[in-house]
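Please go through the notes below with the model open.

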Amino acid sequence: MPSFYPHPIIAREGWPFIVGGLIISILVTVSAGWWSLPFWVFTVFALQFFRDPARPTPQDEDAVLSPVDGRIVVVERATDPYRQVESLKISVFMNVFNVHSQRSPIDGTVTAVEYNPGKFLNAALDKASTENERNAVLATTRSGREVTFVQVAGLVARRILCYTRVGDTLRRGERYGFIRFGSRVDVYLPLDAQAQVAIGDKVSGTSTILARLPLTAPAAPKTEPVRQTAETQTAEEVPAVQNFAAEPASTPAATEAVETGHTVSQTDIEASAEKVRAAVEKEFGKQE
């Protein structure tokens with residue numbers, strides 16, 4: 001049994017119910033005999049409901065443990081309503097015969113605790129996650145990954161107890177809360193977490209691994225510069241073509257003047273061009 005586990009065998013939340021039921025059962029038995037049977041049934045039910053046994057705790061660094069006993073009812077991609085990010089959501093539904101003690105699924109530090117009043121719908125329904133009374137614990141693992149686990153009240157459960165506070169350090173398997181008489185717990189993990197359970201699976205608090213969460217977040221993809229489209233390139237080339245067309249045609253005389261550094265007037269350039277044109281016409285005339 002871990003040294004930090006404070007409530008072995010029977011949860012402290014159940015002692016008033018168990019002791020009260022036992023006293024009433026004995027008194028009714030003495031005074032009314034078999035009429036005390038319903039009271040004894042209640043006492044036995046309270047005894048099994050508030051059991052809180054210690055469990056073996058997997059020590060894999062990337063393991064996210066089940067916070068409660070129960071049955072998996074949700075494994076899907078969903079928005080974490082407390083962090084407003086896309087997450088892997090895993091929900092565990094507890095009936096009245098499951099252990100209702102909640103235990104930390106990770107080693108980490110509590111960064112926020114949010115309580116939301118609400119309805120008391122059947123906790124197995126999807127809308128219970130957003131409409132029922134609930135209490136969320138937002139925590140960060142030792143390696144910096146963010147995890148959210150939410151206690152959700154159910155049809156019979158009318159009392160959520162949470163003992164952790166902002167700044168507290170939780171160890172996996174450490175008891176942090178309790179819900180009386182049927183409920184569920186939602187766990188929101190980063191998208192790179194890999195679920196180790198499926199809908200319908202039965203899980204045990206602390207000893208079952210819900211998911212594997214890498215210690216570090218995946219590297220953000222590198223963004224490549226946007227390549228120019230053919231239309232953009234064409235639009236950029238048009239002015240260049242227009243500028244080229246607007247420039248006067250180069251002549252040998254002009255080229256020679258540029259290379260030698262002499263200043264040539266527009267009249268000289270036109271005269272040289274005329275000579276070239278006449279020479280070309282004369283040459284073609286001979287060939288004909």
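1. S183 is buried: its relative accessible area is 0%, and the cut-off for that label is under 20%. This holds for a predicted model.

2. S183 belongs to strand 13, which covers residues 183-189. The UniProt record, an unreviewed entry, lists S183 under "modified residue: Pyruvic acid (Ser)". The annotation may be inferred rather than shown by experiment.

3. Residues 15-47 carry the feature "transmembrane region" in UniProt, again from an unreviewed entry. In the model this span is 88% helix and 0% strand. How far apart are the end C-alpha atoms of residues 15-47? They lie 9 Å apart.

4. Three strands form an open sheet in the order 6-12-10, and their pairing is antiparallel. Strand 6 (101-103) and strand 10 (160-162) are at the edges. Each of these two has a single partner strand, so one side of each has no neighbour in the sheet. From one strand to the next, the twist averages 20°.

5. Which strand is joined to strand 6 by three bridges? The partner is strand 12, residues 175-179, and the two run antiparallel. For a residue to look at in this pairing, take Q102: its bridge partner in strand 12 is G177.

Note on methods: Residues numbered from 1 in each chain as written. Predicted model: local features only at pLDDT ≥ 70, side-chain atom pairs only at ≥ 80, totals over all residues. Heavy atoms only, no water. Helix = DSSP H or I, 4+ residues; strand = E, 2+ residues; numbered from the N terminus. Buried < 20%, exposed > 50% of the residue type's maximum accessible area, 1.4 Å probe, protein only. Pairing = 2+ DSSP bridges. Axes fitted to C-alpha atoms, helices over the stretch in contact; angles between N-to-C directions.
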